[in-house]
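I opened a new notebook page for this one.

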Amino acid sequence: MNRLEAFGTIAAQAARGEISFPTSVNAVLRLQHALNDPDCHLEDAIRLVLGEPQLAARTVALANSSTFNQSGRPITNVRSAVTRVGYRNLQMLVASLVVRQFGARIEDPDLRAKAEQLWEHTVQVAALAHVFAHHVTFVNPDTAMFAGIVHEVGGFYLLSRADGFPGLLDDDPEKWAELCEDVVTREVARKLALPETVAEAIFELRGAWLHMPPASLLDTLLLANMYATVPSPLGTVRPPLPEHSESALDYLLDEDSLNRMIDEASEIAASMGGALLV
C-alpha cells in the first residue's frame with residue numbers, strides 16, 4: 001500500500017466512524033461520559049476518579065500545582081482535589097489521558113519522538129490559551145485550556161495509526177497528512193463528545209486568520225499557537241514572528257505585558273506538566 005492509499009484508508013475509516021481506540025482510552029471515555037452527565041454529583045465524580053488510580057494521582061497533582069494552589073496548602077486526598085480543580089478541569093485531565101494514550105502504543109522511535117514533541121506543544125498551547133483568555137480575549141480561561149489540550153487530538157490519532165504504515169509521515173509536499181488529519185479530527189472529536197464550541201474552534205484552526213481585536217475561542221487558540229515555542233511536528237514550518245512593534249498585537253498590548261503573559265504561561269505549563277503526563 002502506498003502513502004496515498006494509506007491516508008485514504010485512514011480517512012475513509014474515520015469518515016465511517018471506525019476509529020480504533022486503545023483499550024485504555026475506552027475505559028477513560030466511559031469515565032468522561034459519566035462526568036459529562038449533568039446529574040453526576042460530586043460524590044459520583046469522586047468515586048469515578050478513585051476508580052482510575054492514574055486519574056486520581058493526576059487530579060491531586062493538578063490541585064497542588066501553582067495554577068490551582070496559590071495558598072500553598074497541600075492537598076492530600078481526591079475529595080479535596082476534585083473540589084479545588086472543579087469539573088471543567090477534571091474533564092481536561094480526562095481529555096489529557098485520552099490524548100496521551102494514543103501515543104502509548106507507538107513503537108517506532110521516530111514517531112514516539114514526534115508524539116512527545118506534539119505533547120510538549122499541546123501543554124504549551126493550553127497554558128498560553130489560559131493566559132491569553134484571561135488577559136486578551138476574555139473567553140473562559142478553563143475552556144481555553146481544555147481546548148488547548150485537545151486541539152491536536154487528530155494529530156495524536158494519526159501518529160498512532162502511522163506506526164502501522166512505515167514512512168507515512170515522511171516529507172509530505174502534497175499535505176495529504178493535513179487533509180487526513182482534518183477528517184480524523186472531526187470523528188475523534190465526536191467520539192470524545194467535545195463541547196460544540198470547543199470542537200468548532202479546533203475544526204476552524206487550520207488556515208484561520210486572527211481577528212482584531214481577538215475575542216473568540218478560535219482567536220485564543222491562534223494566539224497560543226503563534227507564541228508556542230515548541231511547534232507541532234505535524235504542521236508546516238511557521239514564519240518567524242514579527243517584532244512586537246510590527247505586530248497587530250502592538251495596539252492591544254505593550255511588549256512588557258506580552259512578555260509577562262508568556263512568562264506566566266511558562267510557569268503554568270511547568271506546573272501542569274507533572275499533573276498531565278501519563
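Below are my entries, in the order I made them.

I'm working with a predicted model, where local features need pLDDT of at least 70, side-chain atom pairs count only at pLDDT 80 or more, and totals for chains, interfaces and linings use all residues. Numbering starts from 1 along each chain as its sequence is written, and side-chain values use heavy atoms, with hydrogens and water left out.

Entry one: salt bridges. I searched the whole structure and got seven salt bridges (a side-chain nitrogen of Lys or Arg within 4 Å of a carboxyl oxygen of Asp or Glu).

I looked at Arg79 and Glu43, whose closest N and O atoms are 2.6 Å apart. Arg79 belongs to helix α5 (residues 78–104) and Glu43 to helix α3 (residues 42–50), so this pair ties together parts 36 residues apart in sequence. Helices here are DSSP runs (H or I, at least four residues), numbered from the N terminus.

Next I checked Arg47 and Asp44, which meet in a salt bridge at 3.6 Å, N to O. Both sit in helix α3, three residues apart, about one turn of the helix. I also noted one network, where salt bridges with shared partners join Glu178, Glu181, Asp182 and Arg206.

Entry two: Arg16 and Glu18. Their side chains form a salt bridge at 3.0 Å, N to O. Buried or exposed, I wondered about Arg16? Arg16 counts as exposed because its relative accessibility is 54%, while Glu18, at 41%, counts as partly exposed. The cut-offs are under 20% relative accessible area for buried, over 50% for exposed, and partly exposed in between (1.4 Å probe, protein chains only).

Definitions and conventions:
Helix = DSSP H or I, 4+ residues; strand = E, 2+ residues; numbered from the N terminus.
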